[in-house]
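Please consult the sequence and coordinates alongside the text.

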Amino acid sequence: MNMPETLKRFEEALEHRPGELVEARQNGKKVVGVFCCYTPLEIIHSLGLIPLKLGWGGDDELAEQGIEYITNIQCPYVRQTIGVFKEGKNPYAVNTDVITISAVCLQEYRMVEVLRYYFGKETLTLSVPKNYYLPEGKEFFEKEVEGFTAELEKIAGRKLDPDLLRASVDLYADIRNNTAEIYDYLALDYSPITWKQVITVIHAGFYLSPEKHLSLLKELNSELKTIQMSEKVRPINSVRLMISGSIIAPGNTKIIDVLEELGVTVVADDICSGQRTFAGFTVKEPTLAGLAEAYLDRIPCAAQLYPDQKTDKRLENIFRQIKDHRADGVLYHTLRFCDPYTFRVQENKELLDAKDIPFLQLHTDYGANDIGQLHTRIQAQMEIIKRRKKEVHHARSQKAV
Amino acid sequence: MPDHKKQYKDKVLTKAYEDFVNENKEYLEKARNIFLKEKGLTFRDGTYLSPEYIWDWIFVKDAPEKYPNIFIGFQGYDLESPSVVKFIYLYYSFYDRLIAASDNGVLIVNRKETIPDMFYALGSIPIRGGAGAALRHQSLSVVPDNFEACGAGSAWAWKDNRIPFGAQVVPTGVHCYDTPNNALAVHRAGKVDIPIFYLDNPIGSGDAEWAIDYRVKTLRRAAEEIAKLNGATVDDERLRREIIIGNKVRKAVWRIYEVQAESDQPPFTAHEFETIIHAGHNWAGEPEAFQEVLEGIAVEAKERQSHKVHGTVNHKNPVRIFVGGACTHFRPLIGHTSGAVPVGVEWFLVPSHGSLNEEGDPFRALVEGLPLKSLTVPLEEHADWIVDRIKESRAEGFIYGYKWGCNFASSAALVISDVVKKKTGIPTLIMETDFIAKQANESGGGLTRVEAFIEILKQNKRLKGGVPEKRHIKKPNYNSAHVVVE
């Protein structure tokens with residue numbers, strides 16, 4: 001399919017971004033790197049700091065370099081991110097003044113400690129309660145966000161302005177709404193944009209200024225409206241999969257490349273670097289308390305321990321998307337040594353099996369040695385789904401006759 | 001109820017018992033004569049066990065029949081120390097007493113790294129899941145080997161109903177991810193329908209007032225839930241009394257460490273030392289009896305020390321090793337034949353580092369005395385805690401261990417070893433071991449690496465000559481009213 005024209009504008013904006021960061025820093029601006037997704041970006045932005053979402057994937061060589069500072073039983077995402085800092089070439093890593101971590105994933109938290117010790121980076125932690133669903137958990141996080149903000153104020157050299165915070169909240173809400181609109185195209189029979197492109201657009205927001213990101217998202221939305229009905233991009237009987245599981249960080253195209261090669265259409269995800277960057281998120285009031293509530297109440301990462309399976313929002317999100325986006329099956333992607341998601345494999349499989357939804361777990365890293373195996377396993381799963389679709393179609397036809 | 005006896009009978013090693021008894025007839029007879037002159041043990045419910053009963057349980061009746069594999073490590077115990085014999089009873093009979101208590105309606109709680117005080121105050125018995133040494137000795141840990149998490153054993157033993165847990169109270173964010181997840185997986189899979197409570201210690205939250213408040217509220221909530229399950233009430237006064245007993249236990253554990261660390265010829269063998277201080281995690285189901293036994297061991301060890309009697313089979317001038325890391329030990333490797341002796345084990349010592357506040361809100365006292373504190377602070381501070389112990393114990397080598405699959409402890413390995421090297425100048429070794437593949441620690445590659453490391457340390461010692469100069473041992477903040485050894 002043809003690439004929407006606006007995507008080229010995203011590429012151009014990203015090409016210019018490192019230069020902009022260098023210039024901004026020369027003019028005294030501070031760049032705040034953000035790991036994990038429970039840090040309210042609105043606060044960083046409203047304080048005049050530049051937020052960058054950090055973390056990289058897909059490069060086995062860099063992941064190997066990380067082992068110099070951490071063991072090989074860390075997930076490849078953590079190892080590669082350390083490798084990126086070690087290599088010292090990535091413009092976003094190089095131009096980060098302060099690293100912040102919302103401590104949800106223990107490995108990622110430790111990674112930040114390693115970056116502090118070996119690379120002398122200033123770090124700031126936002127603690128996130130595991131008992132996030134209890135009143136005392138919510139109260140703790142509200143206080144934690146206040147404390148975190150006080151530290152950011154020191155870095156920014158100024159106090160938080162409620163009006164500026166409100167403006168930042170509105171800006172990020174606009175970004176989430178526009179991203180959601182783009183993402184929703186994936187539910188259609190004929191989407192003018194692929195999942196891989198949607199993810200690229202989301203990841204662009206990790207680096208671009210939110211103002212620029214929003215303007216490009218709006219532009220893309222306008223363009224998609226014009227091409228939505230005119231270009232049919234895939235056969236109606238193609239396999240529609242949802243991707244669930246571990247982070248698929250910028251640069252990690254391993255699985256999606258295999259899927260594209262095999263003609264699989266990804267119609268949804270619940271990845272923290274994908275759908276969960278914008279979904280299930282409402283800031284009820286533009287204050288620190290409002291932000292704390294919204295971020296804590298978002299669709300949780302599997303690293304957040306929630307005892308009751310029946311009311312687990314993460315599972316609800318998976319099933320809702322399977323229904324809304326009419327996914328034929330779930331591809332559950334786990335990175336090696338990513339415990340939070342690997343521990344949930346059996347549960348996810350059993351729940352999906354009970355609803356007769358095909359489930360395939362792919363446990364992998366950034367190396368190329370299992371590409372053939374992934375290819376074969378996905379192909380086999382596709383065959384199963386195709387046969388099942390054919391049988392359903394046949395049964396419906398018979399019924400109609 | 002499962003047939004607990006049948007489960008461990010499958011894996012026993014009866015030969016270990018026969019070998020030990022046959023090879024040590026005279027020694028055992030001498031030790032027995034010493035022991036029978038002692039008083040026995042009194043339990044919390046008033047039960048008195050005579051020395052004859054205790055000796056027979058270990059050497060004649062129960063242990064040889066049920067747990068003969070424990071005799072593999074018996075050469076490391078000084079059986080002429082009566083308190084050590086009592087300790088052996090408390091330690092290895094824990095499982096039997098646990099099952100009996102459960103049959104009598106006592107709630108057994110899988111507690112992981114929380115402090116035991118609260119659970120005893122609520123009339124329940126806590127087990128440190130995944131690390132219950134007595135359980136491991138009885139080969140009860142059942143772990144999956146098909147995914148990349150450490151074998152946090154007892155969650156899986158619990159899943160298979162081998163330990164009659166009635167509740168899980170699992171701290172989160174302290175340092176371990178695998179146990180909370182194991183617990184959740186088992187709970188949500190509905191394998192056993194018992195409640196789970198997470199005691200949250202948000203990582204990186206430090207000692208901020210709001211963080212302390214949150215932990216206190218979380219702990220109190222869990223106590224109330226446990227109380228409901230156990231038909232008990234949350235009684236602050238009773239908890240304070242339990243904290244006082246706990247403080248005595250913690251002080252006794254630390255005293256045993258001090259005796260080992262300050263001695264030119266450490267009196268405990270690796271097996272004895274590590275097993276005793278490790279038991280400081282669970283208190284063997286009987287806090288008062290356990291306290292009394294540990295205090296006795298400290299006194300008897302001090303006597304051994306004053307007579308320059310070193311551990312039963314230690315070398316005359318062993319190299320001194322400090323062990324860091326989580327959920328790991330090296331007693332099978334730093335054995336009595338290796339010429340090395342552990343002078344401290346971080347994982348076993350941290351829970352006993354200092355007293356809890358005995359006044360005011362007891363839940364706050366429990367929170368502020370959080371065990372494994374060294375693992376929750378920033379890495380550099382954690383490393384400094386180890387550096388302090390290394391210096392005061394005059395360790396000549398440092399081994400940092402972690403379990404395969406333990407992302408959190410493993411991720412600290414390089415930083416901590418680097419800090420130790422920089423600040424102490426001693427050689428360091430990072431060892432990855434495994435709950436599952438026991439042979440990985442105890443033979444082959446693991447053994448070779450530790451032996452080579454010990455050889456380096458011996459060589460260094462020969463070059464430097466003699467025992468390292470004595471250092472002042474920093475006293476943690478203990479209640480001075482709790483006299484252990486004067």
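The sections below treat the basis of the description, then strands, helices and sheets.

## Basis of the description

This is a predicted model, in which local features need pLDDT of at least 70 and side-chain atom pairs count only at pLDDT 80 or more, while totals for chains, interfaces and linings use all residues. Residues are numbered from 1 along each chain as its sequence is written, and chains are lettered from A and ligands numbered from 1 in the order in which they are written.

Helices (H or I, at least four residues) and strands (E, at least two) are DSSP runs, numbered from the N terminus. Two strands are said to pair if DSSP finds at least two bridges between them. A residue is called buried if 20 or more other C-beta atoms lie within 10 Å of its own, exposed if 12 or fewer, and partly exposed in between, with C-beta atoms placed from the backbone.

Strand β1 (residues 31–35) of chain A pairs with β2(A) in the parallel sense over 4 bridges, and V32(A) stands opposite P51(A) in β2(A). In a regular strand the side chains alternate between the two faces of the sheet. Strand β2 (residues 50–53) of chain A is covered on both faces: I50(A) and L52(A) are buried on one side, and P51(A) and K53(A) are buried on the other. Together with helix α2 (residues 41–46) of chain A, β1(A) and β2(A) make a right-handed β-α-β unit; right-handed here denotes a path from the first strand over the helix to the second that runs clockwise, with the strands pointing away from the viewer.

β1(A) also runs parallel to β3(A), to which 4 bridges join it; F35(A) stands opposite I101(A) in β3(A). Strand β3 (residues 98–103) of chain A is mostly covered, as 5 of its 6 residues are buried. Strand β4 (residues 122–127) of chain A runs parallel to β3(A), with 6 bridges between them, and L126(A) in β4(A) is the bridge partner of S102(A).

## Helix α6 of chain A

A right-handed β-α-β unit is made by β3(A), α6(A) and β4(A). Helix α6 (residues 106–119) of chain A has 14 residues and reaches 19 Å from its first C-alpha to its last, close to the 20 Å expected at 1.5 Å a residue; the expected span is 1.5 Å times one less than the number of residues.

Why is α6(A) described as largely enclosed by the rest of the structure? The reason is that 11 of its 14 residues are buried, among them L106(A), Y109(A), M111(A), V112(A) and Y117(A). Just after α6(A), G120(A) takes a positive phi of about 65°.

## Helix packing in chain A

Two packed helices are described by the angle between their axes and the distance between the axes. Axes are lines fitted to C-alpha atoms, for helices over the stretch in contact, and angles run from 0 to 180 degrees between N-to-C directions. Helix α8 (residues 162–184) of chain A and helix α10 (residues 210–227) of chain A pack at about 30°, with axes 9 Å apart. α8(A) and α10(A) are therefore roughly parallel (angles under 35 degrees count as roughly parallel, over 145 as roughly antiparallel, 65 to 115 as roughly perpendicular and the rest as oblique). Their crossing is left-handed, a term used if the near helix is turned anticlockwise from the far one by less than a right angle.

Helix α1 (residues 5–26) of chain A and helix α9 (residues 195–207) of chain A pack at an angle of about 30°, with their axes 10 Å apart. α1(A) and α9(A) are therefore roughly parallel to each other, and α1(A) passes α9(A) in a left-handed crossing.

## Open sheets in chains A and B

In chain A, an open sheet of 4 strands has the order β6-β5-β7-β8, with parallel pairing. Its edge strands are β6 (265–269) and β8 (359–364) of chain A, each of which pairs on one side only. The twist from one strand to the next averages 30°. Strand β5 (residues 240–245) of chain A pairs with β6(A) in the parallel sense over 4 bridges, and V266(A) in β6(A) is the bridge partner of L241(A).

In chain B, 4 strands form an open sheet in the order β8-β7-β9-β10, and the pairing is parallel. The edge strands, each pairing on one side only, are β8 (340–345) and β10 (428–433) of chain B. Strand β7 (residues 319–325) of chain B and β8(B) run parallel and are joined by 5 bridges; V319(B) stands opposite A340(B) in β8(B).
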